[in-house]
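Subject: Structure handover

Hello,

Here is the structure I promised to pass on. Please open it first, then read my notes beside it.

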Amino acid sequence: MSVSESPSWQSVLQRLIRTTAERQRLATALGVTTMTLSRWANGESRPHRSHLIRLVQAVHPQYRQELLEALRRSFPDIDALLRESTVEQVPSEFFAQVLSARTTTIESLRFWQIGEMVLRQALTQLDPNHLGMSITLIQCMPPHSDGKIRSLRERMGKGTLPWTADLEQMALFLGMESLAGYVVESGRVQSIEDLRKYHLVPAYQSEFEISAAAHPIWLGGRVAGCLLASSTEVGYFSQQRMSLLAIFSDLASLAFDPSEFYAPSQIELRPMPSPEKQRPILATFRQRVARLQHQRRLSNAEAEQEAWQEIEAELLRLGEQENETVLDC
């Protein structure tokens, strides 16, 4: 479809409110009457800018991108309006919830409980208008026999379209070639406005990822990993959003055990192979766990840890080979 034939936002809205139930749902979400919605759709009146923001937020995710593209033709500043609507402060109630989880959750569940809470709240506040974002909690792998940490692992992640809601199945190992690796090794927060123009490319850069930011997770001068956020928008990580990311990375530190924080001098990351090379090896994880439990009578937690270390060793070898091939070229 050519630009001239692209549907207007009114025609998109007409299609969205075709059913009585959806018309009523949207009207309730926007705080207007169904008659007002119909008048907007028919071009008889124009919504206030605040209603436009709510409209983008309220439509079902599968229609949001089409509506947003149509709105951009009539309201060129719609993206700026959506960006300005970010909530600047983390609610005090949320701090209380995380602290309560830290003191009441049993140790084996603490990481998942607090990690889930932090990622969900971070996604809500950093991408309130569902423009497209992923948030990933990344952890240092345990040190090798020489005391050095060679890689990071994506432990858990949340996303809004075009990413999936739960990113755990997409988790990868990251090394010195990644944005996360740079942030953990340097101990400095970093944001990239447009990855297409930047030489430092994260190991996992999906087709949707345009800008990205990462913040190290600290405790007493020691580091456990980082919080990584990726957006579909160019230059999305303003100073305001970077401040929010810093708060959420501080809260994420409560998910870790003190023994999982390491001195900066221990971080000596190596290159990791491409996602395409990693995925077949990562797919063997459960198989390895079962084998280790059968052969060595390990607990599930012990077997999982050894399986991840086996996989890391294979990926490090592959990463070195890939790196040598690139250098030879």
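This is a predicted model: local features need pLDDT of at least 70, side-chain atom pairs count only at pLDDT 80 or more; totals for chains, interfaces and linings use all residues.

**Helix H2 and its buried side**

In helix H2 (residues 20-30), the buried residues are Glu 22, Leu 26, Ala 27 and Leu 30. Buried means under 20% relative accessible area, exposed means over 50%, and partly exposed is in between (1.4 Å probe, protein chains only). Helices (H or I, at least four residues) and strands (E, at least two) are DSSP runs, numbered from the N terminus.

Residues are numbered from 1 along each chain as its sequence is written, and side-chain values use heavy atoms, with hydrogens and water left out.

What does the buried side of H2 pack against? Its buried residues pack against helix H1 (9-16), helix H3 (34-41) and helix H4 (49-58). Contact here means heavy atoms within 4.5 Å. The face of H2 turned away from the buried side carries Thr 20, Ala 21 and Thr 28, which are exposed. After H2 comes Gly 31, with a positive phi near 75°.

Take a look at Glu 22, which lies in helix H2. Glu 22 has a relative accessible area of 13%, so it is buried. Neighbours within four places in sequence aside, Glu 22 is in contact with Leu 16 and His 60.

**Helix H3**

Now move on to H3. Its buried residues are Leu 37, Trp 40 and Ala 41. They are on the same side of H3, because they cover an arc of only 100° around the axis. The cover over these buried residues includes H1, H2 and H4. Just after H3, Gly 43 has a positive phi of about 80°.

Ala 41 touches Gln 10, Leu 13, Gln 14 and Ile 17, not counting residues up to four places away in sequence. Ala 41 and Trp 9 are 32 residues apart in sequence, yet 7.9 Å apart in space, C-alpha to C-alpha.

**The whole chain**

Of its 329 residues, 47% count as buried. Take the contacts between residues at least 6 apart in sequence: 65% of them join residues at least 24 apart.

**The nonpolar cores**

In soluble globular proteins, nonpolar side chains tend to be buried together. A nonpolar core is a set of buried Ala, Val, Leu, Ile, Met, Phe, Trp, Tyr and Cys residues joined through side-chain atoms within 4.5 Å.

Which members of the largest nonpolar core touch the most other members? Of its 59 residues, they are Ile 135, Leu 137 and Phe 248. Helix H8 (residues 107-126) gives the largest share of this core, 8 residues. A second, separate core has 19 residues, including Leu 179, Val 183, Ile 192 and Val 223.

Neighbours within four places in sequence aside, its contacts include Phe 111, Gly 115 and Leu 119. Met 156, Ile 217 and Phe 256 are also among them.

**Backbone points to check**

Three spots in loops are worth a look. A cis peptide bond joins Leu 161 and Pro 162, with omega about 15°. Pro 162 is in the loop between strand E2 (152-159) and strand E3 (173-174).

His 130 is not a glycine, but its phi is positive, near 55°. His 130 is in the loop between H8 and strand E1 (133-140). His 130 counts as partly exposed because its relative accessibility is 33%.

Arg 297 is not a glycine either, and has a positive phi of about 55°. Arg 297 is in the loop between helix H12 (285-296) and helix H13 (300-328). At 75% relative accessibility, Arg 297 counts as exposed.

Best wishes

Key:
The arc is that of the directions from the helix axis to the C-beta atoms.
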